Amino acid sequence: MGKIVQAAKITHVPSIWMSHTMPKYKGIRQPAIDGYARLRQDAIDRKVDTFVIFDTHWITNQGFHLNTKEHHKGRFISHELPHMLADMEFDYRGDHELGEAILDVLRERGERALGHSHPDMGMEYGTLLPMYFINDGVNARVLPVAVNQFSSIAENRVWGEAIAEAVKRSDRNVSILASGSLSHDFTPNERSVDGLNSVNGEFNRQMDMRVLDLWEQGRFEEFLELLPDYAKKCAGECAMNDTALLFGALGWGSYKGKIDIYTPYFGSSGTGQANISFSV
Amino acid sequence: MGEIVLAAKMTHVPTMLMSEQEGPVKGARQTAIDGHREIARRAKELGADTVVICDTHWVVNAGFHINANKHFEGLFTSNEFPQFIKDLPYAYDGDPALGGAIADIATQKGVHTLSHQVDSLELEYGTLVPMRFMSREADFKVVSIAAWCTVHNHDESRLVGEAIREAVEASDSKVLLVASGSLSHKIWPNKDYAANNGTFTISSEFNRQVDLHVLDMWQAGDHATFLKMLGEYANFCCGEGSMHDTAMLYGALGWDSYDAKCEVVTEYFPSSGTGQTNVIFPVT
């Protein structure tokens, strides 16, 4: 029987790539890279077969979508921030089988769910950037999950539950990664260069820290109550539906786990970021 | 020389009055009432003779306004909640000179402010509810400043707050300065009120968490950080009167240079969807 052996809310900011590849920015995101390294080690220790990634940069507008390709290979440049993230080689096995299993559960439950194995189906950096570090040498399969920007928190809870059920029916050790930020209010363009390492707005910064406090104290039910307003008022990345998927898969308000902050909270281009491991 | 001897952010929910009447709310707001009386006792011990209240139930649409009549007396029925506040008797002396001085100094600072002595200009319940309970401890005079400012920004209210302090210091008055208003202030939608036991609950967990976080910041004396988010707090959490009462309070206390640790005298409580408390801001 398969199981979820790893869960985390993770950052994917392109400045991590700058930190890794550009001499001028060398080391600016070292704590994020160090957090990835801890997640990588956990993945090895827990024998992860497949990373299922809720990718807030694969933004969809209708239904629930999976990238069920057998193989992901190519060279990536971000069309959003081409000056920050370019020339990233990738070569991962996909997980068509687990993808189909997730789709089966969703269809059983009456959800509109679609898998795509089309050869031209691309990858986004919400998946690729974390995988570059976390899956380095792990060679686990990669199953990208799109995040629907117009779906409700409640729908994503249902989808997350279905993913957990499908994992249970499979033979896979699965890592689920919610790839998205906390508050996500980009620094206005006029000040964007100065905003590289900061959070845009004290309100957002304070709310992010409040949320981290709630998580550290295990007050997940309170968090889930405020999640819809938090996503809206603090400009949550892709409506924070990655986070709703994560909690859906973990049992929603009945989740009683502990978090471990692998990368402390930091500001990046105005947004609030961290790497946080959720016990499973 | 006069001085502000104590400052406070205070609740004024009508259920405080109902808490002393027979019915389903009886006794429910005792902690808020006790908080008002405690603040009044402290102010009295510090020599206060006058309360200046920034009242978020007095709505103004142009300029800033002060009700500085020499005497207020009558029966008050709220036009917002006539079923909650009905025929409330009141009788307080005012302080026309202090009200006039605040208006003059604020206007000199570039914020057009008028002080009024008009018998038919009534006090609102953001003033009357706190005065009802505080007057059990001492006979304070009262000056009421409109703090539901619809087209104003916090920088202007900050200057009004500075004017309050300068006017008080130029007078002979010992003043308790009150920001009369709630924290988050999203009253339950009318159709959802009963189903949610609205009188005793908050309408948004998000708002509750922000309120509690703000109280943590105040108690830690981290006012400089709080002021960086005041505008968004008022906006996202539906601050009562856009929280101009709070901006005036901080203006009087020195804005972001103020660093005293606040004391919560009435534990945070929800009321009709909103977040309420009584908090002392020590004057340093």
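Predicted model: local features only at pLDDT ≥ 70, side-chain atom pairs only at ≥ 80, totals over all residues.
Let's start with chain A. It has 8 helices and 10 strands. Its radius of gyration is 17 Å, which agrees with the value near 19 Å that a compact globule of 280 residues would have. Along the principal axes, the C-alpha atoms of chain A fill a box of roughly 50 × 40 × 35 Å. Buried residues account for 55% of the 280 residues in the chain. If you take the contacts in chain A with a separation of 6 or more, 80% of them come from residues 24 or more positions apart.

Now for chain B, which contains 8 helices and 10 strands. The radius of gyration here is 17 Å, close to the 19 Å from the globule rule for 284 residues, so chain B is as compact as a globular protein of that length. Its C-alpha atoms take up a box of roughly 50 × 40 × 35 Å along the principal axes, and 56% of its 284 residues are buried. As for contacts in chain B between residues at least 6 apart in sequence, 81% join residues at least 24 apart.

## Where the chains meet

At the interface, 12 residues of chain A are in contact with 12 residues of chain B. On the chain A side, helix H6 (202-216) and helix H7 (220-233) each supply at least two of the residues that touch chain B. The biggest giver on that side is H7(A), with 6 residues. By type, the chain A side splits into 4 nonpolar, 2 polar and 6 charged residues.

In chain B, 8 strands form an open sheet with mixed pairing, in the order E6-E3-E7-E2-E8-E1-E10-E9. Strand E6 (113-116) and strand E9 (263-271) of chain B stand at the edges with a single partner strand each, so one side of each has no neighbour in the sheet. From one strand to the next, the twist averages 20°.

Zooming in on one pair, strand E3 (residues 64-67) and strand E7 (residues 141-149) of chain B are antiparallel, joined over 2 bridges. Ile66(B) has Ile145(B) in E7(B) as its bridge partner. Helix H3 (residues 96-108) of chain B packs on the sheet and touches strand E2 (50-60), E3, E6 and E7 of that chain; the helix direction makes about 170° with that of E6(B).

## Buried pieces of chain A

Strand E8 (residues 173-179) of chain A has 6 of its 7 residues buried, so this strand is largely enclosed by the rest of the structure. Strand E1 (residues 3-10) of chain A runs parallel to E8(A), with 7 bridges joining them; Ala7(A) has Ile176(A) as its bridge partner in E8(A). E2(A) is also parallel to E8(A), through 6 bridges, and Thr50(A) stands opposite Val174(A) in E8(A).

Helix H8 (residues 241-250) of chain A is largely enclosed too, because 10 of its 10 residues are buried. Among them are Asn241(A), Asp242(A), Leu245(A), Leu246(A) and Phe247(A). Just after H8(A) comes Gly251(A), which takes a positive phi of about 110°.

## A closer look at Thr60(A)

Thr60(A) lies in strand E2 (residues 50-60) of chain A. Is Thr60(A) buried or partly exposed? The residue counts as partly exposed, because there are 16 C-beta neighbours inside 10 Å and being buried takes 20 or more.

Leaving out residues up to four places away in sequence, Thr60(A) touches His65(A), Ala146(A) and Asn148(A). Between Thr60(A) and Ser151(A) there are 9.3 Å, C-alpha to C-alpha, with the two sitting 91 residues apart in sequence.

How values were computed
Residues numbered from 1 in each chain as written. Chains lettered and ligands numbered in written order. Contact = placed C-beta atoms within 7 Å. Helix = DSSP H or I, 4+ residues; strand = E, 2+ residues; numbered from the N terminus. Nonpolar A, V, L, I, M, F, W, Y, C, P; charged D, E, K, R; others polar. Buried ≥ 20, exposed ≤ 12 C-beta atoms within 10 Å, placed from the backbone. Pairing = 2+ DSSP bridges. Axes fitted to C-alpha atoms, helices over the stretch in contact; angles between N-to-C directions. Rg over C-alpha atoms; globule rule 2.2 N^0.38 Å.
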